[in-house]
Amino acid sequence: MKERLMDVLQRFSKAMFIPVLILPIAGILIAIGNLFTNARLLEVIPLLDNPITTGFGTILSGSLVSILNNLGLIFSAGLAVGLADKKKSQAGFTALLGYLVFINAMNKFMELNGLLVDVESLQGTGQTLVMGVQVLDMGVFLGIILGIVTALVHNKYADIEFNNAFQIYGGSRFVFIVLIPVVVLMAILFTYIWPFFQAGINSLGELINQSGNVGLFLYGMLERLLIPTGLHHLVYTPFLYTELGGVAEVGGEVFAGARNIYFAEIANADGGLLAPSVIWDARGISKMFGLIGACLAMYHTASPENKGKAKAILIPAAVTSFIAGVTEPIEFSFMFVAPLLFVVHSIFSGMSMVVLNLLNVRAIGPNGFIDFLLYNIPLGTERTRWPLFILVGLLFFAVYYFSFRYLIQRFNYKTIGREDDGQETRLYTKKDYKEKKVNGKASSPTPAGQGNNSLAGVIVEALGGPENIQTVTNCYSRLRLTLAESNKVDEATLKNETGASGVMIKDQNVQVVYGLQVNGIRKAVDEYLGKSDEDNE
């Protein structure tokens, strides 16, 4: 039962990437739009103070905020695609139809039973407008629930076909036929039971807020500790996009979730200090500063003869962490050879959030320095107190550096540059990948079972061969696979010959960490296997 539950959670975590990874793009574009309407910036650069640029900024920010108001729809379609075993695009389309059926069915049922409140006074009633339809405010949870239900129905009935006159009702059309009564029944049931769930969610949110810095520390620590399992996304996602991360009224609209509140604040850059709930997205300290100190400590403790190699490995990894917020190549370099360092890193991550909270800092840098600039500068120093964010970051740079340096030397950990003779530990750089790609022709389609000199061929063979690979997906930095037999995985080859910085195996689920170039590697593997996006995504 435990293994089956872990498998379900792993699969759900992978599916969450589809809707979650698109949202930061919306946030960045909202921030860019705000730059063209920011009063401070217009004073500094008068050239931008004209109807064309300010109008462009207003349209860009205003249009993308609509994404935050329709997260339920986004999560419904995204999760259905991620959880579908086959015909994924059809599953996403069916989820869209199911979402429309649900909100209108709930609205009509509530209308027939006299449960709708005055549309002019919705705030605080538990009801809201979703795509212009008045329903119970289920937020992103509605999308998650419908996405899961749609995927379950799709996986069960997508292959059913009929003969003769009923042929047009087979496949995805039959899935929708089955889904209609399911969704209508759910709409009726949730009309009565969701208020109890909502009360529980609100109570949990209050408990978390009342726990103050203790809850904040535990959140920050767990978000890092769960990285080896790949389930850390299930920790931070509810806080970023649901009521657990706080609820605030911005620009006359109510937003739930720390990230949503922050994006809304960016689009409406007037007001005082940002809501305290926004601190839940302050993961940038460890990414932009802490792990850079850890890299410096590993370099300074490397053997004299290996310092050149360590420098060549650690600098690209540190730059990637600082600029883009991708930390796993660094973390996996010491996670298994020195678990204590990873525990310390997790503790420091939680502590950094507490320090920011104590200093009333509301700046964020979830995906590195680029995000930090775009999200915080437009809002100004008074609202975000971003200069203090940098000072706290420099403090934790020093804390990481001296702590890691002491522990590495004290326990003689075999971190990068301190390996035993004959042992190679390295991170995979973009240059390495490009060289492999050119020399091995990994980017061109290769029949399964051939071309073992290519990077993709080496990866596939190290995973047990084409026949052992059932599914291939990826996230920000990991190649995520489902294998028929995970005991066939050759971890040494994946690390030493393909540049993987970490390999995790849990039952049939295998994750191979490559860093930012994972998208190119994923495409090369797909082409090598002769699979299309529809087969895997």
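Here are some notes on the cores, ring pairs and sheet of this predicted model.

1. Ground rules first. Since this is a predicted model, local features need pLDDT of at least 70 and side-chain atom pairs count only at pLDDT 80 or more, while totals for chains, interfaces and linings use all residues. Residues are numbered from 1 along each chain as its sequence is written, and side-chain values use heavy atoms, with hydrogens and water left out.

2. On the main core: the largest nonpolar core has 50 residues, and F75, F102, I103 and M106 touch the most other members. (A nonpolar core here is a set of buried Ala, Val, Leu, Ile, Met, Phe, Trp, Tyr and Cys residues joined through side-chain atoms within 4.5 Å; buried means under 20% relative accessible area, exposed over 50%, partly exposed in between, with a 1.4 Å probe and protein chains only.) Helix α8 (172-225) is among the elements giving two or more residues to this core, and α8 gives the most, with twelve. Helices and strands are DSSP runs, H or I of at least four residues and E of at least two, numbered from the N terminus.

3. Skipping neighbours within four places in sequence, F75 is in contact (heavy atoms within 4.5 Å) with residues including M16, L23, I144 and Y241. A second, separate core of 41 residues includes I227, A310, I416 and V513.

4. Now the rings. F334 and F404 make an edge-to-face pair at 5.3 Å centre to centre, with 85° between the planes. F334 sits in helix α13 and F404 in helix α17, so the pair ties together parts 70 residues apart in sequence. F334 is buried at 0% relative accessible area, and F404 is buried at 0% too. Ring pairs also link F289, F322, F369, F372, W386 and F389 into a cluster.

5. Last, the sheet. Four strands form an open sheet in the order β5-β6-β8-β7 with antiparallel pairing; strands pair if DSSP finds at least two bridges between them. β5 (469-474) and β7 (502-506) are at the edges with a single partner strand each, so one side of each has no neighbour in the sheet. Five bridges join β6 to β8, and R478 stands opposite V513 in β8.

Key
Phe/Tyr/Trp six-rings, centres within 6.5 Å; stacked < 30°, edge-to-face > 60°.
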